[in-house]
Amino acid sequence: MELVESAEILKLIISGTNAGIWNWDLATGDVYWSDNFYSLLGYYPGEIPANIETFTDYLLHPDDKKIVTKALDSHFKYNTPYKVDVRLKTKDDVYRYFECSGQAHFKDGKLTIMAGCNVDVHDRRILENKLADSEYMLSEAGRVARMGGWELDIASGKSTWSETVYDIYGLPYDHNIESGDPYIYFLPPHDQALKSAVEDGIKNGTIWDLEMQMINAKKQVIWVRSYGEPVYDISGKLLKLRGIFMDIEKYKSSEIALKGSIEVMTQNNLQLKNFTHILSHNIRNHANNISQLTSLIDTDTLDEDNTDLFARIEKVSVGLNSTLDDLSEAIRIQENSLLSEKLNFENVISGVLEILQPDLESHEAEIRKELWTDHVEFPRLYLDSIIMNLVTNAVKYRKSNVAPVITLRTYTDNHNRVILECSDNGMGIDLEIHGKKIFGLYKTFHDHKDAHGVGLFLTKTQVESQGGQIYVDSELNEGTTFKIIFKAPNG
């Protein structure tokens, strides 16, 4: 009766664990598999033969045979526990992880029988593998980024560091981190700042995020970042402090170097700006003096040679003042930042064309508008000037005996940038010769009496002052297209 009850209890236990039971008679070679052994693999009881050959040659994954062989040998020779995780093939031809365990029985020093069970642990193993992969990736990311984690248990005072934190401190992984002053590695005033932050975190629950300099155990002076926060239980009791510790020497050094470069550049720009103003002011004084002196001369009293010489001096004086005006305008554009406004291309272009109407009519110019984008954020004064310069140039550098055809086109590109193009059928520009200096001050490319080389320079200056870009595409005797790329709204 007790034996029957024990058997029933064992049956219930086996059923509750969802295990497949097996028995191997080593004397006869007979093998027994329970119904659940079969069902866990998707088979009906007895559907495949229960023997060692079926298990090792058909069910067991080829890569796991060595694992089973080694575990059995160790169990038989040294009685070490036989428990392995291996992959068994199901009826659906899919491998699943099983925990296979068993115990051999010896009689008179000889192996007689071995029994055990297989438990489906596939879901657990897949989760463990994913966790292992994630842990590896996290560990590698921390190693590459030089960032590690730390914890301080408040009750025990015990600290826990990841390996990367030890690396940053320059300490071996078995170093006793509880010994000594924890702030001794940090340079003043960072040592006191970190100490105050930790004390404030414990007392008031304050989170800290500090950038500090330290001297690690290898005597390296480096910049580090320490982040920490308190962790409480459900009752509000402080359990621990935890956070990250990161080596930011590379980034901090670059930041400091960049900051120094910016300061030097700012100072140089300021000096250059002051020099430009002084130079412009002094030259203008001289130019004004020349103009005043020429105005005092009575040309009627001069002979023919002196009259011609005076005319040349007067022309140079006017040219000098004109040059100073152009330079002053360029300096003003670069120094002053005008506010952008939402502009309608049709309105702006129509306003400019109305001003240029007499010149356009006298040269029978045809204006074509392909305005696929309606608006742009840009200073009105600059957009007026840009369109006027581009259209005026298109008329000025037209082919002889060919009516100019000028196309103004607007659209938005794939980067959400508004584009303005001005194309003409004029004389064109040899970009191989003039391409690098086309936007230079006082650079001209055609023999024209009204060519001064100022318009394109000012246009480029105006566009770039607002974060835009300007390009030119031209072919001699075919025409020219200027392309202006306005700064994207969030660029």
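1. Asn401 sits in the loop between α11 and β14. Helices (H or I, at least four residues) and strands (E, at least two) are DSSP runs, numbered from the N terminus. Phi of Asn401 is near 65°, a positive value in a residue other than glycine. At 84% relative accessibility, Asn401 counts as exposed. Exposed means over 50% relative accessible area, buried under 20%, and partly exposed in between (1.4 Å probe, protein chains only).

2. A word on the basis. This is a predicted model, in which local features need pLDDT of at least 70, side-chain atom pairs count only at pLDDT 80 or more, and totals for chains, interfaces and linings use all residues. Residues are numbered from 1 along each chain as its sequence is written, and side-chain values use heavy atoms, with hydrogens and water left out.

3. Overall content comes next. The protein has 13 helices and 17 strands. Of its 491 residues, 33% count as buried. Among contacts (heavy atoms within 4.5 Å) with a separation of 6 or more, 55% join residues 24 or more positions apart.

4. The largest nonpolar core has 34 residues. Such a core is a set of buried Ala, Val, Leu, Ile, Met, Phe, Trp, Tyr and Cys residues joined through side-chain atoms within 4.5 Å. Those with the most contacts inside the largest core are Val376, Phe378, Leu383, Ile387, Val391, Ile484 and Phe486. Elements that each supply at least two residues include α10 (345-362), α11 (380-396), β14 (405-412) and β17 (479-485). α11 gives the most, with 8 residues.

5. Val391 deserves a look. Leaving aside neighbours within four places in sequence, Val391 is in contact with Leu353, Leu356, Leu360, Ile406 and Leu408. A second, separate core of 24 residues includes Val31, Leu41, Ala71 and Cys100.

6. What should the 17 residues of α11 span at 1.5 Å a residue? The expected span is 1.5 Å times one less than the number of residues. For α11 that is 24 Å, and its end C-alpha atoms are 24 Å apart, which agrees. Buried residues of α11 include Tyr382, Leu383, Ile386, Ile387 and Lys396.

7. α10 and α11 pack at an angle of about 40°, with their axes 10 Å apart. That makes α10 oblique to α11. Axes are lines fitted to C-alpha atoms, for helices over the stretch in contact, and angles run from 0 to 180 degrees between N-to-C directions. Under 35 degrees is roughly parallel, over 145 roughly antiparallel, 65 to 115 roughly perpendicular, and the rest oblique. Residues of α10 including Leu353, Leu356 and Leu360 meet a set in α11 that includes Leu383, Ile387 and Val391.

8. Leu194 lies in helix α7 (residues 190-204). At 8% relative accessibility, Leu194 counts as buried. Its contacts, leaving aside neighbours within four places in sequence, are Tyr183, Phe186, Trp208, Leu210, Met212 and Ser226. Pro189 is in the loop between α6 (163-169) and α7. The peptide bond from Pro188 to Pro189 is cis, with omega near 0°.

9. Glu364, in the loop between α10 and β12 (366-371), has phi near 55°, a positive value in a residue other than glycine. At 60% relative accessibility, Glu364 counts as exposed. Pro45 lies between α2 (35-40) and α3 (52-59). At 48% relative accessibility, Pro45 counts as partly exposed. Pro45 touches Asp35 and Tyr38, not counting residues up to four places away in sequence.
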